[in-house]
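Have the viewer open and follow along.

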Amino acid sequence: MKILVTGSSGFVGKNLVAELKNKGYNEIFEFNKETDKSLLDQYTKDCDFVFHLAGANRPKDEKEFMSDNFEFTSELLNLLKKNNNKSPVLITSSIQAEINNPYGLSKKAAEDLLFDYGNKNKVNVYVYRLPNLFGKWSKANYNTVVATYCYNIARNLDIQISDPLVELKFCYIDDVLDEFLRALNDNPTKELQFCIVPIIYKIKLGDLANRINKFKDSRKDLSIPDMNDELTKKLYSTYLSFLPEDGFSYDLKMNIDDRGSFTEFVKTFGQGQFSVNISKPGITKGNHWHHTKNEKFLVVNGEGIIKFRKINENTVLEYKVSDKKLQVIDIPVGYTHSIVNTGKIDLVTIIWVNESFDIKKPDTFSMEV
């Protein structure tokens with residue numbers, strides 16, 4: 001299948017082309033402002049489907065709204081007619097097509113043109129009135145406030161919050177792509193004559209800013225956002241895509257002594273925390289027990305022995321662990337436990353505990369195994 005994508009270098013276009021290739025579509029005609037205009041005639045002759053994403057949303061001159069959104073659409077459709085190509089055409093419009101402003105009027109004109117083209121030529125057309133979009137490869141100060149906030153906050157730049165209570169509607173780019181692929185297979189989600197992306201999020205501007213600021217702060221408090229919330233998960237992915245290229249890493253606080261080190265890595269909302277424990281050869285760590293706190297140990301470097309003893313009994317249980325056979329060892333409550341480095345190199349253990357450490361309620365009681 002040969003697919004024409006106009007606006008292929010834009011936010012939606014880059015994501016769409018990448019996903020089409022992921023799905024095995026190898027003949028993709030990419031058309032953008034850098035493409036030789038003469039190629040459009042050949043593309044409209046050979047293509048089997050058209051994703052018409054090209055258009056203007058922040059031009060320097062308002063006249064470009066009509067020329068880029070309406071006149072170029074007209075040119076595209078005329079070429080399809082000239083080449084007698086009845087390929088389906090999908091166009092990205094905007095919810096602003098309902099508004100009487102230069103941008104909205106140009107989008108409405110392009111919609112009407114496409115509907116008329118489809119009716120007269122018996123061609124399937126799909127018109128998507130999209131809300132604000134967000135996701136990777138969007139541009140700050142151009143595509144969406146999400147991109148602008150992510151870019152600025154990641155770089156310690158100020159952001160503008162015009163009205164923290166104003167509510168915005170957003171679609172995530174991956175949800176848009178899923179819907180476009182349904183349309184490609186003639187199975188779009190429709191409401192009356194328009195096609196829609198069925199997953200839409202609503203968030204107030206102030207809440208959006210607060211959420212993205214917390215993403216930045218999470219590097220300091222080691223918290224991971226609540227990934228059970230779909231909007232948070234998608235916003236967090238978007239935020240990380242805006243990190244400056246020299247800012248992908250961040251330091252952790254290593255608690256170092258003559259035995260080795262202990263470093264907290266990640267704290268989650270309600271799902272515990274992860275840490276890295278390093279023990280030098282011959283060192284024993286632990287020798288404590290918990291009421292409710294439970295842990296999982298995974299040795300990833302070196303070899304050792306994990307010992308258990310129920311606090312009111314004498315029997316000691318031992319589990320040999322090493323990086324030669326990765327095993328998870330559950331640390332049950334009511335058992336005092338320790339881990340001994342029996343090897344000649346550092347013993348590195350990944351530790352998960354079911355709750356983040358609370359200094360006011362550590363639930364940790366010293367006792368020799």
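Rings of Phe, Tyr and Trp (its six-membered ring) count as a pair if their centres lie within 6.5 Å; planes under 30 degrees apart make the pair stacked, over 60 edge-to-face, and the rest tilted. By that rule the structure holds 14 aromatic pairs. Here are two of them.

| Pair | Centre to centre | Angle between planes | Type |
|---|---|---|---|
| F49 and F51 | 4.7 Å | 45 degrees | tilted |
| F308 and Y335 | 6.4 Å | 90 degrees | edge-to-face |

Before going further, some housekeeping: this is a predicted model, so to speak of a local feature takes pLDDT of at least 70 and side-chain atom pairs count only at pLDDT 80 or more, while totals for chains, interfaces and linings use all residues. Numbering starts from 1 along each chain as its sequence is written, and side-chain values use heavy atoms, with hydrogens and water left out.

**Rings and charges**

Back to the first pair. F49 counts as buried because its relative accessibility is 1%, and F51 does too because its value is 0%; the label "buried" means under 20% relative accessible area, "exposed" means over 50%, and "partly exposed" is in between, with a 1.4 Å probe and protein chains only. F49 and F51 also belong to one aromatic cluster with Y126, Y128 and F180.

In the second pair, F308 and Y335 are both buried. F308 sits in strand 17 (residues 303–310) and Y335 in strand 20 (residues 335–341), so this pair ties together parts that are 27 residues apart in sequence. Strands here are DSSP E runs of at least two residues, helices are H or I runs of at least four, and both are numbered from the N terminus.

Two rings have a charge over them, which takes NZ of Lys or CZ of Arg within 6 Å of the ring centre and within 35 degrees of the ring normal. K136 lies over the face of W137, at 4.9 Å from the ring centre, and R155 lies over the face of Y151, at 3.8 Å.

**The cores**

A nonpolar core is a set of buried Ala, Val, Leu, Ile, Met, Phe, Trp, Tyr and Cys residues joined through side-chain atoms within 4.5 Å. The largest one has 50 residues, and V5, L20, F51, L90, Y128, F180 and L208 have the most contacts inside it. Helix 6 (residues 173–184) is the top contributor, giving seven residues to this core. A second, separate core has 23 residues, including V50, Y117, V123 and V125.

Zoom in on L208: leaving aside neighbours within four places in sequence, L208 is in contact (heavy atoms within 4.5 Å) with V145, V146, Y149, F170, I203 and L235.

Two strands pair if DSSP finds at least two bridges between them. Strand 7 (residues 167–172) runs antiparallel to strand 10, over four bridges. L168 stands opposite I203, and F170 has Y201 as its bridge partner.

**Around helix 5**

Helix 5 (residues 145–154) is mostly covered, with eight of its 10 residues buried. Those buried residues pack against strand 6, strand 7, helix 7 and helix 8 (230–241).

F242 lies in the loop between helix 8 and strand 12 (254–257), and counts as buried because its relative accessibility is 8%. Not counting residues up to four places away in sequence, F242 touches G135, S138, A140, A147, C150, Y151, A154 and R155. The C-alpha atoms of F242 and Y149 are separated by 9.6 Å, at 93 residues apart along the chain.

Another open sheet has five strands in the order 18-17-20-15-22, with antiparallel pairing. Strand 18 (316–322) and strand 22 (365–366) have a single partner strand each, so one side of each is left without a neighbour in the sheet. Seven bridges join strand 17 to strand 18, and F308 stands opposite L317 in strand 18.
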